[in-house]
Amino acid sequence: HTSIFLQTMKSEALVNQSEELWDCLDERKKTYGLAVRLREGISILIYFVLNITAFTCLYVNMDIERLPSVLLVTVSAIFIADFASGLVHWCMDNMGTINAPIIGKACSILIYIVLFK
């Protein structure tokens with residue numbers, strides 16, 4: 001009987017979590033406008049077009065002798081992009097307020113332009 005009780009409690013907790021998730025998604029739908037959704041859709045489309053273009057160029061111009069250097073450049077690019085993204089997020093977390101010494105006001109102006117223009 002204890003295991004049935006625990007399973008019931010777990011399933012109720014999952015239901016509560018899923019309801020909270022749906023509530024959160026409903027709130028996000030209210031705050032996301034058509035412009036944001038359109039921008040996301042265009043970004044996804046551009047991503048796929050660029051990836052297809054890059055892989056087509058690699059396939060057409062690829063020599064088997066270049067494979068090690070292509071793999072090295074690919075892995076290096078992934079690490080550099082990850083580092084740059086992390087650096088930008090760290091900067092925005094630590095210096096993305098108006099009170100930041102040098103770039104605080106510039107960040108706030110940029111955020112205002114991105115969000116409200």
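Colleague: Which helix is Thr-56 found in?
Modeller: This is a predicted model. The protein has four helices and zero strands. Thr-56 is found in one of the helices, namely α2.

Colleague: Is Thr-56 buried, partly exposed or exposed?
Modeller: Buried means under 20% relative accessible area, and exposed means over 50%. Thr-56 has a relative accessible area of 43%.

Colleague: Which backbone oxygen does the side chain of Thr-56 reach?
Modeller: The distance is 2.6 Å. A polar contact needs N or O atoms within 3.5 Å. The side chain of Thr-56 reaches the backbone oxygen of Ile-52.

Colleague: Which element has the highest mean pLDDT?
Modeller: Over the whole protein, pLDDT averages 75, and 54% of the residues score at least 70. Helix α1, residues 2-31, has the lowest mean among the elements, at 61. The highest mean is 87, and it belongs to α2.

Colleague: What residues does helix α2 cover, and how exposed is Ile-46?
Modeller: Ile-46 lies in helix α2, which covers residues 34-61. The relative accessible area of Ile-46 is 45%. Exposed would need over 50%, and buried under 20%, so Ile-46 is partly exposed.

Colleague: Which residues form a nonpolar patch on the surface?
Modeller: A patch takes residues with over 30% relative accessible area. Ile-46 has 45%, so Ile-46 passes that cut-off. The patch has about 390 Å² of accessible area together. Its members are Leu-38, Ile-42, Ile-46 and Leu-50.

Colleague: How do the rings of Tyr-47 and Phe-48 pair?
Modeller: The count comes to one aromatic pair. Tyr-47 and Phe-48 form it, with 5.2 Å centre to centre and 70 degrees between the planes. An angle over 60 degrees counts as edge-to-face, so the pair is edge-to-face.

Colleague: What relative accessible area do Asp-63 and Arg-66 have?
Modeller: Asp-63 is partly exposed, and Arg-66 is partly exposed. The value for Asp-63 is 34%. The value for Arg-66 is 45%.

Colleague: What percentage of the residues in the protein is buried?
Modeller: The protein exposes about 10700 Å², and carbon and sulfur atoms supply 71% of it. The protein has 117 residues. Buried residues make up 3%.

Definitions and conventions: Residues numbered from 1 in each chain as written. Predicted model: local features only at pLDDT ≥ 70, side-chain atom pairs only at ≥ 80, totals over all residues. Heavy atoms only, no water. Helix = DSSP H or I, 4+ residues; strand = E, 2+ residues; numbered from the N terminus. Buried < 20%, exposed > 50% of the residue type's maximum accessible area, 1.4 Å probe, protein only. Areas by Shrake-Rupley, 256 points an atom, 1.4 Å probe, with all protein chains shown as cover. Phe/Tyr/Trp six-rings, centres within 6.5 Å; stacked < 30°, edge-to-face > 60°. Patch = residues over 30% accessible without salt bridge, like charges linked within 9 Å, V, L, I, M, F, W, Y side chains within 5 Å. Salt bridge = Lys/Arg side-chain N within 4 Å of Asp/Glu carboxyl O. pLDDT = per-residue confidence, 0-100. Polar contact = N/O pair within 3.5 Å; in protein donor to acceptor, adjacent residues only side chain to side chain.
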